Amino acid sequence: MPTNLHSSDDMRDPKTLQRSLSAFTSSQLTFQILRTIPHPHPSLSRQPKALYILDSSFNPPTRAHLRICTSALLHDRTTTLPKRLLLLLATQNADKAPKPAAFEHRLAMMNVFAEELVKMVAISDEKERAQRDLIVDVGLTKEARFIDKARILEAQEEYKDHGNDDTAKLVQQIHLIGFDTLIRLLDTKYYPPKHTLEPLEDLFKKHRVRVTRRTDDAWGGREEQDQYVRKIAKGEMEPDGPRKEWAQRIDLLEGRKEGEEIVSSTKVREAAKAGDEEALKRLVTDGVARWILDEKLYLEAD
Ligand SMILES: Nc1ncnc2c1ncn2[C@@H]1O[C@H](COP(=O)(O)OP(=O)(O)OP(=O)(O)O)[C@@H](O)[C@H]1O
Ligand SMILES: NC(=O)c1ccc[n+]([C@@H]2O[C@H](COP(=O)(O)O)[C@@H](O)[C@H]2O)c1
(Lines give C-alpha, C1' and ligand atoms only; values in the text may rest on other atoms or scores of the structure.)
(Ligands and ions follow the chains in the order given, each with its own letter.)
Protein backbone atom coordinates (compact mmCIF):
# COMPACT_ATOMS: atom_id res chain seq x y z
CA MET A 1 0.00 0.00 0.00
CA PRO A 2 1.69 3.25 -1.04
CA THR A 3 0.29 5.22 1.89
CA ASN A 4 1.76 5.45 5.36
CA LEU A 5 -0.49 8.14 6.77
CA HIS A 6 0.94 10.43 9.43
CA SER A 7 -0.91 12.77 11.77
CA SER A 8 -0.10 16.46 12.04
CA ASP A 9 1.94 15.69 15.20
CA ASP A 10 3.92 12.90 13.47
CA MET A 11 4.79 15.37 10.71
CA ARG A 12 6.28 17.71 13.31
CA ASP A 13 8.56 15.04 14.74
CA PRO A 14 11.84 14.74 12.79
CA LYS A 15 12.63 11.33 14.40
CA THR A 16 9.32 9.84 13.20
CA LEU A 17 9.90 11.30 9.74
CA GLN A 18 13.44 9.95 9.64
CA ARG A 19 12.10 6.44 10.35
CA SER A 20 9.45 6.77 7.63
CA LEU A 21 12.04 8.02 5.18
CA SER A 22 14.42 5.16 5.78
CA ALA A 23 11.54 2.65 5.53
CA PHE A 24 10.60 4.20 2.18
CA THR A 25 14.20 4.29 0.93
CA SER A 26 14.82 0.64 1.74
CA SER A 27 11.46 -0.47 0.27
CA GLN A 28 10.67 -1.33 -3.34
CA LEU A 29 8.22 1.55 -3.47
CA THR A 30 8.79 4.42 -5.87
CA PHE A 31 5.99 6.56 -4.38
CA GLN A 32 4.33 6.98 -1.00
CA ILE A 33 1.81 9.38 0.52
CA LEU A 34 2.75 10.38 4.07
CA ARG A 35 0.06 12.90 4.89
CA THR A 36 -3.37 13.79 3.58
CA ILE A 37 -5.20 16.98 4.59
CA PRO A 38 -8.01 16.74 5.61
CA HIS A 39 -6.93 13.55 7.35
CA PRO A 40 -8.14 11.20 5.59
CA HIS A 41 -11.21 12.21 3.66
CA PRO A 42 -13.24 9.08 2.90
CA SER A 43 -15.75 10.33 0.35
CA LEU A 44 -13.69 12.72 -1.73
CA SER A 45 -10.43 10.83 -1.83
CA ARG A 46 -11.89 8.30 -4.27
CA GLN A 47 -13.26 10.88 -6.67
CA PRO A 48 -10.63 13.43 -7.70
CA LYS A 49 -11.30 14.99 -11.11
CA ALA A 50 -7.91 16.67 -11.34
CA LEU A 51 -4.55 15.97 -9.75
CA TYR A 52 -2.18 18.92 -9.42
CA ILE A 53 1.42 18.05 -8.69
CA LEU A 54 4.07 20.38 -7.33
CA ASP A 55 7.26 18.42 -7.57
CA SER A 56 10.12 20.11 -5.80
CA SER A 57 13.10 19.76 -3.51
CA PHE A 58 11.15 21.90 -0.98
CA ASN A 59 14.45 23.17 0.32
CA PRO A 60 12.48 25.03 1.65
CA PRO A 61 8.95 25.65 0.27
CA THR A 62 8.67 29.35 -0.61
CA ARG A 63 6.00 31.97 -1.26
CA ALA A 64 6.60 31.36 -5.00
CA HIS A 65 5.51 27.74 -4.49
CA LEU A 66 2.52 29.05 -2.53
CA ARG A 67 1.48 31.33 -5.37
CA ILE A 68 1.86 28.52 -7.92
CA CYS A 69 -0.44 26.29 -5.80
CA THR A 70 -3.11 28.88 -4.93
CA SER A 71 -3.25 30.07 -8.53
CA ALA A 72 -3.88 26.52 -9.73
CA LEU A 73 -6.42 25.67 -7.05
CA LEU A 74 -8.42 28.87 -7.27
CA HIS A 75 -8.03 30.04 -10.87
CA ASP A 76 -7.37 27.09 -13.17
CA ARG A 77 -10.52 26.77 -15.28
CA THR A 78 -9.27 23.78 -17.32
CA THR A 79 -10.42 21.30 -14.66
CA THR A 80 -13.48 20.59 -12.52
CA LEU A 81 -13.81 20.03 -8.78
CA PRO A 82 -12.90 18.12 -6.67
CA LYS A 83 -9.24 18.93 -7.03
CA ARG A 84 -6.41 17.11 -5.34
CA LEU A 85 -2.94 18.59 -4.89
CA LEU A 86 0.17 16.51 -4.33
CA LEU A 87 3.24 18.18 -2.85
CA LEU A 88 5.86 15.73 -4.03
CA LEU A 89 9.35 15.52 -2.60
CA ALA A 90 11.77 14.00 -5.06
CA THR A 91 14.47 12.24 -3.06
CA GLN A 92 16.50 12.01 -6.27
CA ASN A 93 16.85 15.10 -8.39
CA ALA A 94 17.62 15.01 -12.11
CA ASP A 95 20.32 17.68 -11.70
CA LYS A 96 21.05 18.66 -8.12
CA ALA A 97 23.19 16.84 -5.54
CA PRO A 98 21.57 16.57 -2.07
CA LYS A 99 22.05 19.69 0.07
CA PRO A 100 20.89 20.71 3.54
CA ALA A 101 18.25 20.64 4.96
CA ALA A 102 17.79 16.98 5.71
CA PHE A 103 14.78 15.35 4.07
CA GLU A 104 12.92 14.97 7.40
CA HIS A 105 12.96 18.73 7.83
CA ARG A 106 11.79 19.26 4.25
CA LEU A 107 8.86 16.92 4.89
CA ALA A 108 8.04 18.77 8.11
CA MET A 109 8.09 22.09 6.23
CA MET A 110 5.93 20.64 3.44
CA ASN A 111 3.35 19.69 6.06
CA VAL A 112 3.41 23.15 7.67
CA PHE A 113 3.15 24.69 4.19
CA ALA A 114 0.25 22.37 3.24
CA GLU A 115 -1.71 23.29 6.37
CA GLU A 116 -1.16 27.00 5.72
CA LEU A 117 -2.11 26.56 2.06
CA VAL A 118 -5.41 24.84 2.89
CA LYS A 119 -6.31 27.69 5.27
CA MET A 120 -5.38 30.32 2.69
CA VAL A 121 -7.46 28.71 -0.04
CA ALA A 122 -10.42 28.67 2.37
CA ILE A 123 -10.02 32.39 3.11
CA SER A 124 -9.56 33.35 -0.56
CA ASP A 125 -12.47 31.33 -1.81
CA GLU A 126 -15.60 33.16 -0.75
CA LYS A 127 -17.98 30.33 -1.45
CA GLU A 128 -15.61 27.87 0.22
CA ARG A 129 -16.25 25.54 -2.67
CA ALA A 130 -12.61 24.91 -3.56
CA GLN A 131 -11.78 24.28 0.09
CA ARG A 132 -14.65 21.83 0.51
CA ASP A 133 -13.53 20.00 -2.58
CA LEU A 134 -9.79 20.06 -1.96
CA ILE A 135 -7.42 17.42 -0.66
CA VAL A 136 -3.70 18.08 -0.24
CA ASP A 137 -1.19 15.23 0.00
CA VAL A 138 2.44 15.25 1.03
CA GLY A 139 4.27 12.48 -0.81
CA LEU A 140 7.67 11.02 -1.55
CA THR A 141 9.12 9.64 -4.76
CA LYS A 142 12.39 8.12 -5.88
CA GLU A 143 11.73 9.08 -9.52
CA ALA A 144 13.48 12.16 -10.85
CA ARG A 145 11.84 12.69 -14.27
CA PHE A 146 8.31 13.89 -14.92
CA ILE A 147 7.55 11.06 -17.35
CA ASP A 148 8.32 8.49 -14.65
CA LYS A 149 6.35 10.37 -11.98
CA ALA A 150 3.35 10.70 -14.30
CA ARG A 151 3.40 6.97 -14.96
CA ILE A 152 3.58 5.90 -11.30
CA LEU A 153 0.91 8.40 -10.23
CA GLU A 154 -1.45 7.10 -12.93
CA ALA A 155 -1.20 3.67 -11.30
CA GLN A 156 -2.14 4.82 -7.76
CA GLU A 157 -5.66 3.87 -6.64
CA GLU A 158 -5.94 7.17 -4.72
CA TYR A 159 -5.50 9.06 -7.96
CA LYS A 160 -8.16 7.28 -10.01
CA ASP A 161 -11.67 8.55 -10.51
CA HIS A 162 -13.97 5.71 -9.49
CA GLY A 163 -17.07 7.69 -10.47
CA ASN A 164 -20.48 6.21 -9.73
CA ASP A 165 -20.17 2.92 -11.56
CA ASP A 166 -16.83 2.06 -9.89
CA THR A 167 -14.95 1.78 -13.17
CA ALA A 168 -11.69 3.60 -12.57
CA LYS A 169 -11.05 6.46 -14.97
CA LEU A 170 -7.75 8.18 -15.58
CA VAL A 171 -7.45 11.45 -13.69
CA GLN A 172 -5.76 14.26 -15.55
CA GLN A 173 -2.50 15.40 -14.00
CA ILE A 174 -1.50 19.04 -14.08
CA HIS A 175 2.18 19.42 -13.37
CA LEU A 176 2.94 22.78 -11.76
CA ILE A 177 6.34 23.96 -12.91
CA GLY A 178 8.35 27.12 -13.47
CA PHE A 179 9.66 28.19 -16.86
CA ASP A 180 13.18 26.91 -16.06
CA THR A 181 11.70 23.46 -15.50
CA LEU A 182 9.74 23.58 -18.78
CA ILE A 183 13.04 24.02 -20.59
CA ARG A 184 14.48 21.05 -18.74
CA LEU A 185 11.35 18.94 -19.30
CA LEU A 186 11.82 19.49 -23.04
CA ASP A 187 15.57 18.88 -23.09
CA THR A 188 16.55 15.72 -24.98
CA LYS A 189 19.52 15.11 -22.67
CA TYR A 190 17.15 13.57 -20.08
CA TYR A 191 15.89 10.89 -22.50
CA PRO A 192 18.60 8.33 -23.24
CA PRO A 193 19.36 6.21 -25.14
CA LYS A 194 17.75 7.83 -28.21
CA HIS A 195 17.82 11.38 -26.85
CA THR A 196 14.59 12.37 -28.57
CA LEU A 197 11.39 13.78 -27.02
CA GLU A 198 9.36 10.74 -28.04
CA PRO A 199 9.04 9.53 -24.39
CA LEU A 200 7.05 12.73 -23.64
CA GLU A 201 4.32 11.89 -26.14
CA ASP A 202 2.22 9.99 -23.60
CA LEU A 203 2.48 12.70 -20.93
CA PHE A 204 1.27 15.42 -23.32
CA LYS A 205 -1.48 13.20 -24.71
CA LYS A 206 -3.05 12.68 -21.27
CA HIS A 207 -1.88 15.47 -19.02
CA ARG A 208 -1.07 19.19 -18.85
CA VAL A 209 1.73 21.41 -17.60
CA ARG A 210 0.93 24.72 -15.91
CA VAL A 211 4.01 26.85 -16.24
CA THR A 212 4.72 29.98 -14.23
CA ARG A 213 6.97 32.50 -15.93
CA ARG A 214 10.27 32.91 -14.15
CA THR A 215 11.71 36.19 -15.25
CA ASP A 216 15.14 36.81 -13.89
CA ASP A 217 18.61 36.95 -15.41
CA ALA A 218 19.00 33.22 -15.85
CA TRP A 219 15.85 32.45 -17.90
CA GLY A 220 15.22 35.59 -19.94
CA GLY A 221 12.37 38.09 -19.83
CA ARG A 222 8.65 37.71 -20.35
CA GLU A 223 8.80 38.20 -24.12
CA GLU A 224 11.50 35.53 -24.58
CA GLN A 225 9.53 33.02 -22.51
CA ASP A 226 6.28 33.72 -24.40
CA GLN A 227 8.16 33.47 -27.68
CA TYR A 228 9.45 30.00 -26.75
CA VAL A 229 5.92 28.66 -26.25
CA ARG A 230 4.67 30.43 -29.44
CA LYS A 231 7.44 28.69 -31.38
CA ILE A 232 6.26 25.32 -30.08
CA ALA A 233 2.65 26.17 -31.10
CA LYS A 234 3.77 27.04 -34.65
CA GLY A 235 5.70 23.78 -34.98
CA GLU A 236 8.92 25.71 -35.45
CA MET A 237 10.80 23.41 -33.07
CA GLU A 238 9.87 20.18 -34.85
CA PRO A 239 11.06 17.63 -35.86
CA ASP A 240 13.61 17.21 -33.03
CA GLY A 241 12.01 19.53 -30.48
CA PRO A 242 8.53 19.60 -28.92
CA ARG A 243 5.55 18.79 -31.17
CA LYS A 244 3.20 21.63 -32.00
CA GLU A 245 0.12 19.87 -30.50
CA TRP A 246 1.83 19.90 -27.12
CA ALA A 247 1.42 23.68 -26.91
CA GLN A 248 -2.30 23.12 -26.25
CA ARG A 249 -1.28 21.27 -23.10
CA ILE A 250 1.04 24.02 -21.87
CA ASP A 251 -0.49 26.95 -19.97
CA LEU A 252 1.89 29.84 -19.46
CA LEU A 253 1.07 32.08 -16.52
CA GLU A 254 2.12 35.32 -14.93
CA GLY A 255 4.86 34.95 -12.33
CA ARG A 256 6.69 37.72 -10.52
CA LYS A 257 5.50 41.19 -11.54
CA GLU A 258 7.97 43.84 -12.76
CA GLY A 259 9.84 45.20 -9.73
CA GLU A 260 8.69 42.44 -7.37
CA GLU A 261 11.32 40.58 -5.36
CA ILE A 262 12.76 37.39 -6.90
CA VAL A 263 11.79 34.41 -4.76
CA SER A 264 13.70 31.13 -4.76
CA SER A 265 14.70 28.47 -2.26
CA THR A 266 18.33 29.54 -2.76
CA LYS A 267 17.43 33.07 -1.63
CA VAL A 268 15.73 31.68 1.48
CA ARG A 269 18.79 29.61 2.39
CA GLU A 270 20.97 32.69 1.93
CA ALA A 271 18.67 34.82 4.11
CA ALA A 272 18.63 32.16 6.85
CA LYS A 273 22.40 31.86 6.78
CA ALA A 274 22.81 35.64 7.00
CA GLY A 275 20.34 35.75 9.93
CA ASP A 276 18.10 38.12 7.92
CA GLU A 277 14.71 37.41 9.51
CA GLU A 278 12.98 40.21 7.62
CA ALA A 279 13.96 38.72 4.27
CA LEU A 280 13.05 35.25 5.49
CA LYS A 281 9.52 36.34 6.32
CA ARG A 282 9.09 37.95 2.89
CA LEU A 283 10.27 34.78 1.13
CA VAL A 284 8.47 32.02 3.03
CA THR A 285 5.15 31.59 4.87
CA ASP A 286 4.98 32.31 8.61
CA GLY A 287 4.94 28.66 9.67
CA VAL A 288 7.88 27.73 7.44
CA ALA A 289 9.87 30.75 8.72
CA ARG A 290 9.18 29.63 12.28
CA TRP A 291 10.36 26.08 11.49
CA ILE A 292 13.58 27.33 9.89
CA LEU A 293 14.34 29.59 12.85
CA ASP A 294 13.35 27.11 15.58
CA GLU A 295 15.29 24.25 13.99
CA LYS A 296 18.23 26.53 13.07
CA LEU A 297 18.22 25.34 9.45
CA TYR A 298 20.57 26.57 6.71
CA LEU A 299 23.17 28.08 9.05
CA GLU A 300 25.93 26.06 7.35
CA ALA A 301 27.24 26.70 3.84
CA ASP A 302 25.18 25.16 0.96
N1 LIG B 1 9.88 32.05 -8.29
C2 LIG B 1 9.42 31.08 -9.07
N3 LIG B 1 8.75 31.36 -10.21
C4 LIG B 1 8.30 30.36 -11.02
N5 LIG B 1 8.48 29.05 -10.76
C6 LIG B 1 9.14 28.72 -9.65
C7 LIG B 1 9.64 29.71 -8.73
N8 LIG B 1 10.25 29.05 -7.70
C9 LIG B 1 10.15 27.73 -7.96
N10 LIG B 1 9.49 27.52 -9.12
C11 LIG B 1 9.19 26.22 -9.76
O12 LIG B 1 8.75 25.32 -8.76
C13 LIG B 1 9.29 24.01 -9.01
C14 LIG B 1 10.10 23.53 -7.82
O15 LIG B 1 11.04 24.53 -7.53
P16 LIG B 1 12.43 24.28 -6.82
O17 LIG B 1 12.24 23.46 -5.61
O18 LIG B 1 13.46 23.84 -7.79
O19 LIG B 1 12.72 25.78 -6.33
P20 LIG B 1 13.94 26.70 -6.61
O21 LIG B 1 13.61 27.98 -5.91
O22 LIG B 1 14.24 26.77 -8.07
O23 LIG B 1 15.10 25.90 -5.84
P24 LIG B 1 16.64 26.27 -5.68
O25 LIG B 1 16.74 27.75 -5.46
O26 LIG B 1 17.05 25.43 -4.50
O27 LIG B 1 17.32 25.84 -6.97
C28 LIG B 1 10.16 24.13 -10.27
O29 LIG B 1 9.39 23.71 -11.36
C30 LIG B 1 10.45 25.61 -10.36
O31 LIG B 1 10.62 26.03 -11.70
N1 LIG C 1 13.20 16.10 -17.84
C2 LIG C 1 12.74 15.99 -16.60
O3 LIG C 1 11.80 15.26 -16.31
C4 LIG C 1 13.38 16.83 -15.52
C5 LIG C 1 14.47 17.65 -15.79
C6 LIG C 1 14.99 18.41 -14.74
C7 LIG C 1 14.45 18.35 -13.47
N8 LIG C 1 13.40 17.52 -13.24
C9 LIG C 1 12.79 17.43 -11.92
O10 LIG C 1 12.08 18.63 -11.64
C11 LIG C 1 11.98 18.82 -10.22
C12 LIG C 1 12.39 20.23 -9.84
O13 LIG C 1 13.74 20.34 -10.16
P14 LIG C 1 14.72 21.41 -9.50
O15 LIG C 1 14.60 21.26 -7.98
O16 LIG C 1 16.08 21.05 -10.03
O17 LIG C 1 14.23 22.74 -9.97
C18 LIG C 1 12.88 17.72 -9.60
O19 LIG C 1 12.06 16.63 -9.20
C20 LIG C 1 13.76 17.28 -10.77
O21 LIG C 1 14.23 15.95 -10.64
C22 LIG C 1 12.86 16.77 -14.24
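**View 1. Surroundings of Lys83 in the predicted model.** In this predicted model, Lys83, once residues up to four places away in sequence are set aside, touches Pro48, Ala50, Tyr52, Leu73, Asp133 and Leu134. Lys83 belongs to strand β3, which covers residues 83–90, and Lys83 counts as buried because it has 23 C-beta neighbours inside 10 Å, where the cut-off for a buried residue is 20 or more. One of the residues touched by Lys83 is Leu73; the two are ten residues apart in sequence, and their C-alpha atoms are 7.3 Å apart in space.

**View 2. The largest nonpolar core.** This core has 73 residues, and those with the most contacts inside it are Tyr52, Leu87, Leu107, Met110 and Leu176. Helix α3, residues 103–124, provides the largest share of the core, with ten residues. Leu107, when its neighbours within four places in sequence are left aside, is in contact with Met11, Leu17, Leu34, Leu89 and Val138. Tyr52, listed among the core residues with the most contacts, is also one of the residues that Lys83 touches.

**View 3. The shell around ligand 1.** There are 16 residues around ligand 1, of which Ala64, Gly178, Thr181, Ser264 and Thr266 come nearest. At least two residues of this shell are supplied by each of α2 (63–75), β7 (172–178), α6 (179–185) and α9 (265–273). Sorted by class, the shell consists of three nonpolar, eleven polar and two charged residues.

**View 4. The buried side of helix α9.** Ser265, Val268, Arg269, Ala271 and Ala272 are the buried residues of α9. These residues lie on the same side of α9 because they cover an arc of only 160° around the axis. The elements that cover the buried residues of α9 include α10 (277–283) and α11 (286–294). Just after α9, Gly275 adopts a positive phi of about 70°.

**View 5. Confidence along the protein chain.** The protein chain has a mean pLDDT of 89, and 91% of its residues reach 70 or more. Among the elements of the chain, helix α4, residues 129–132, has the lowest mean pLDDT, 58, whereas α11 has the highest, 98. For the complex, the predictor gives an ipTM of 0.97 and a pTM of 0.95.

Notes:
Residues are numbered from 1 along each chain as its sequence is written. Chains are lettered from A and ligands numbered from 1 in the order in which they are written. This is a predicted model: local features need pLDDT of at least 70, side-chain atom pairs count only at pLDDT 80 or more; totals for chains, interfaces and linings use all residues. A residue is near a molecule or strand if its C-beta atom, placed from the backbone, lies within 6 Å of it. Helices (H or I, at least four residues) and strands (E, at least two) are DSSP runs, numbered from the N terminus. Ala, Val, Leu, Ile, Met, Phe, Trp, Tyr, Cys and Pro count as nonpolar, Asp, Glu, Lys and Arg as charged, and the others, Gly among them, as polar. A residue is buried if 20 or more other C-beta atoms lie within 10 Å of its own, exposed if 12 or fewer, and partly exposed in between; C-beta atoms are placed from the backbone. The arc is that of the directions from the helix axis to the C-beta atoms. Two residues are in contact if their C-beta atoms, placed from the backbone, lie within 7 Å. A nonpolar core is a set of buried Ala, Val, Leu, Ile, Met, Phe, Trp, Tyr and Cys residues joined through C-beta atoms within 7 Å. pLDDT is the predictor's confidence in each residue, from 0 to 100.
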